[in-house]
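Please look over the model shown here before reading my comments, which follow as numbered points.

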Amino acid sequence: ERSTLSKMFQYLVEARILDVNPARQVKNLSEKSGEREVYISFSDFQEILKHLPHWFQAIAQTAFYTGMRRGEIVNLRRSSLDLDNRMIYLGPEDVKENRRKRVPIHLDLVPILENVLKIVPINHDLVFHNNGKQVNGNNQLRWCWDRKVSKAGLNPCPRFHDLRHTWRTNARRSGVDYQIAESILGHATRHKSSNTRYGRISDSELLRAVDLMTFDHGTSEILVAQK
């Protein structure tokens with residue numbers, strides 16, 4: 001926000017409407033002030049769903065049950081989804097780490113995805129859409145989330161990315177193996193030594209791990225660090 005204001009004021013200075021850029025006199029906030037520790041309870045997540053439009057609900061449920069990133073979900077293609085074997089296959093071009101990733105599908109998510117797949121858009125092969133139109137993850141989805149979820153009564157208001165953190169907490173509290181959970185999340189391993197890189201994790205191991213998961217492990221906690 002400070003950077004955006006600074007650019008605006010700089011334009012006004014260059015246009016000789018202002019003499020100085022006041023935003024430059026404002027110190028940057030400590031990065032630690034933005035640190036968050038978030039867990040969204042199952043009941044609060046159900047309350048959030050009530051405030052989301054129908055097309056958005058399945059996107060949020062996919063994030064809650066898989067831990068996938070926003071971009072991975074809105075850009076998910078039908079060809080990457082194997083419901084028969086309950087697996088999502090993402091290529092290097094689909095993920096932040098630029099490496100292949102497999103995401104097991106929890107049994108509770110299967111009927112949700114089956115329902116989404118009943119409607120086939122005519123101009124693209126994306127799984128998720130808004131009445132056939134592609135969803136813009138950076139603008140449309142974020143704007144809708146911020147506007148609707150604030151009505152759920154959680155304070156501070158959770159972010160969409162907090163669903164990913166919630167999945168990680170649910171995995172740990174369900175006893176999912178650390179390396180398997182990290183593999184599902186897709187965290188980069190390039191900075192790890194060869195001794196700590198993951199061995200080959202089979203599809204059956206991923207499915208067994210996700211089938212062990214439950215998603216109600218306590219009350220919601222939304223902690224934001226202060227300066």
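1. Two aromatic rings, from Phe, Tyr or Trp (for Trp the six-membered ring), count as a pair if their centres lie within 6.5 Å, and the pair is called stacked if the planes are under 30 degrees apart, edge-to-face if over 60, and tilted for the rest. Ring pairs of this kind join F42, F45, F64, Y65 and F215 into a cluster.

2. Before going further, please keep in mind that this is a predicted model, in which local features need pLDDT of at least 70 and side-chain atom pairs count only at pLDDT 80 or more, while totals for chains, interfaces and linings use all residues. Residues are numbered from 1 along each chain as its sequence is written, and side-chain values use heavy atoms, with hydrogens and water left out.

3. As for the overall layout, the protein has nine helices and five strands, where helices (H or I, at least four residues) and strands (E, at least two) are DSSP runs numbered from the N terminus. Of the 227 residues, 43% are buried, a word that stands for under 20% relative accessible area, with exposed meaning over 50% and partly exposed in between (1.4 Å probe, protein chains only).

4. How many aromatic pairs does the structure hold? There are nine, and among them is the pair of W55 and F56, whose ring centres are 5.2 Å apart with planes at 15 degrees, so that this pair is stacked. Both partners are covered: W55 is buried at a relative accessible area of 17%, and F56 is buried at 0%.

5. The rings of F64 and F215 have centres 5.6 Å apart and planes at 40 degrees, so this pair is tilted. The pair links distant parts of the chain, since F64 lies in helix α3 (residues 54–66) and F215 in the loop between α9 (203–211) and β5 (221–224), 151 residues apart. F64 is buried, with a relative accessible area of 0%, and F215 also counts as buried, at 6%.

6. Nine of the 12 residues are buried, so α7 is largely enclosed by the rest of the structure; the buried residues include W167 and R168. After α7 comes G175, whose phi is positive, near 85 degrees.
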